[in-house]
Amino acid sequence: MLVILFSLLASTVAVETPGLVCEWLADNGTLLVKWGAAPSSDYYELGIATSENGQAGLLYSTARLHAELTALMPGTTYWLNMRAHKSGMPSLGPGTWGALGPSVECSTGAAHLSSKAHADTHANAESESSFFLEVLRESEFTSDVDYLMNHDSGDVLGDVTILTATSSSAPWLSGDNFTNSTLTLYCVEVLKVEVPDTVTTEGDDKFADYLSCNNNGNATDPQCECDNIIDRYLSPTTPISPYCKMQSGEECQLPAAMDSCKCTCTASSLSHSKTYVGMMPVYFRQAQPLGRWFSHPKETECTEFEKVGATRADGSQCTWKRRADMRVFRGWEIEANGWNKTEDNRSKDMHVDVAQVHQNLGVFRQTMANSAFRPWACEVGDASIVVV
């Protein structure tokens, strides 16, 4: 998850932005938004803000030409805008989108719903073949949302932990610090599997080995690789030897030799990690884990038209699916709710103050609760297809 160098294309590409038309459906408390197809585009991102030209706190992305927004509060005015994705680009990251279109004012009316129905109706139920993960990702090298494909994320505790440890100096974040960062909360449906012989998962066979992503120097086309030494150092249960060596073949002397230590994974491990969601617990030099990190392989992400676990015409299988709606937060708004940015010398060795982490976790959850949308819901359950 920790990265240093990058390059990317221009911040936007030449793609036309379509116009928006809104319609409030009182019977089910949904705002229906429609638009026309944009030339040379294959995907659309609808942003919903609470003020004109304000930053979006809710995003909805789709290849369709409409969106059904169920997370808006009745009797509320929102401002919507859109950007279109250029066809054929290698990711949904920076340098692949057109410019953001103008804000369009849309109001919700009264809703003929029971009080129970006023929660986000995107909440999901467990199935026999899949389970759900709530994951948080901080955008790297951009202030825009950069999505999950070939990227790493964490559960909320795991991501809050790294952000607590690096609040004032984080070169992968927009502006190099937490204040200017963009954090996106996703709900991900994951295929239930049993992955054998994992190294990073502490024996949790619902996941493959975690991969370190977006270290290839091109944020427009991120790639993933064997879990690197920096990430392994944060999880004492992930073995460094015999997987990581100095160029000379000698054992890695940490943390002094961090830049010279190279980790390798078996072909079987890499194959599983490029097929299934990867996971590692993170400790940050503590006795107890402080959350989990996840890796999301690009090639096996399900489209919105595919069922998780579906076998494609080429024989490959889609194994995870991002829900269309996302909640977005900026570092500065979380700071306004009391985020503790205190750092001491321990943070240089990737230690954190556990009490401070949990304080910031509460601040993040409070920021979520303060948003002008219906309560967020993502069903999280335990996760069986045996992988050989």
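Modeller: A residue is buried at under 20% relative accessible area, exposed at over 50% and partly exposed in between, using a 1.4 Å probe and protein chains only. The model is predicted: local features need pLDDT of at least 70, side-chain atom pairs count only at pLDDT 80 or more, and totals for chains, interfaces and linings use all residues. Residues are numbered from 1 along each chain as its sequence is written, and side-chain values use heavy atoms, leaving out hydrogens and water.

Biologist: Which residues of α5 are exposed?

Modeller: Helices (H or I, at least four residues) and strands (E, at least two) are DSSP runs numbered from the N terminus. In α5, the buried residues are Q356, V357, N360, L361, V363, F364, T367 and M368. These cover an arc of only 165° around the axis, taken from the directions from the helix axis to the C-beta atoms, which puts them on the same side of α5. On the other side of α5, the exposed residues are A355 and A369.

Biologist: Which residue has a side-chain oxygen within 2.9 Å of the backbone nitrogen of A355?

Modeller: A polar contact is a pair of N or O atoms within 3.5 Å; within protein, one must be able to donate a hydrogen and the other to accept it, and residues adjacent in sequence count only if both atoms are side-chain atoms. At the start of α5, the backbone nitrogen of A355 is reached to within 2.9 Å by a side-chain oxygen of D353.

Biologist: Is α1 largely enclosed or exposed, and what does it pack against?

Modeller: Nine of the 10 residues of α1 are buried, so α1 is largely enclosed by the rest of the structure. Among the buried ones are V156, G158, D159 and V160. With contact meaning heavy atoms within 4.5 Å, the buried residues of α1 pack against β8, β9 (151–154), β10, β18 (292–296) and α5.

Biologist: Which residues is T166 in contact with, leaving aside its neighbours within four places in sequence?

Modeller: T166 sits in the loop between α1 and β10. It is buried, with a relative accessible area of 8%. Leaving aside neighbours within four places in sequence, its contacts are W172 and E343.

Biologist: Which side chain makes a polar contact with the side chain of S130?

Modeller: S130 belongs to strand β8 and is buried, with a relative accessible area of 1%. Not counting residues up to four places away in sequence, S130 touches E189, V190, L191, K192 and V308. At 2.6 Å, the side-chain partner in the polar contact is E189.

Biologist: Which strand gives the largest share of the lining of the second largest pocket?

Modeller: On a 1 Å grid over the protein atoms alone, a pocket is an open set of points where a 1.4 Å probe fits, with protein on both sides within 12 Å along at least five of seven lines; lining residues have an atom within 4 Å of a point. The second largest pocket is lined by 30 residues, and Y43, C302, T303, E304 and R322 lie nearest its centre. At least two lining residues come from each of β3 (41–49), β4 (58–62), β10 and β19 (320–322). The largest share, three residues, comes from β10.

Biologist: What separates the C-alpha atoms of M82 and G101?

Modeller: M82 is part of strand β6 and counts as buried at 1% relative accessibility. Its contacts, leaving aside neighbours within four places in sequence, include W35, Y44 and G101. M82 and G101 are 19 residues apart along the chain, and their C-alpha atoms are separated by 5.4 Å.

Biologist: How far is M350 from F284 in space, C-alpha to C-alpha?

Modeller: F284 has a positive phi of about 50° although it is not a glycine, and it is buried with a relative accessible area of 0%. M350, in the loop between α4 and α5, is buried at 15%. The two are 66 residues apart in sequence, and C-alpha to C-alpha the distance is 5.6 Å.
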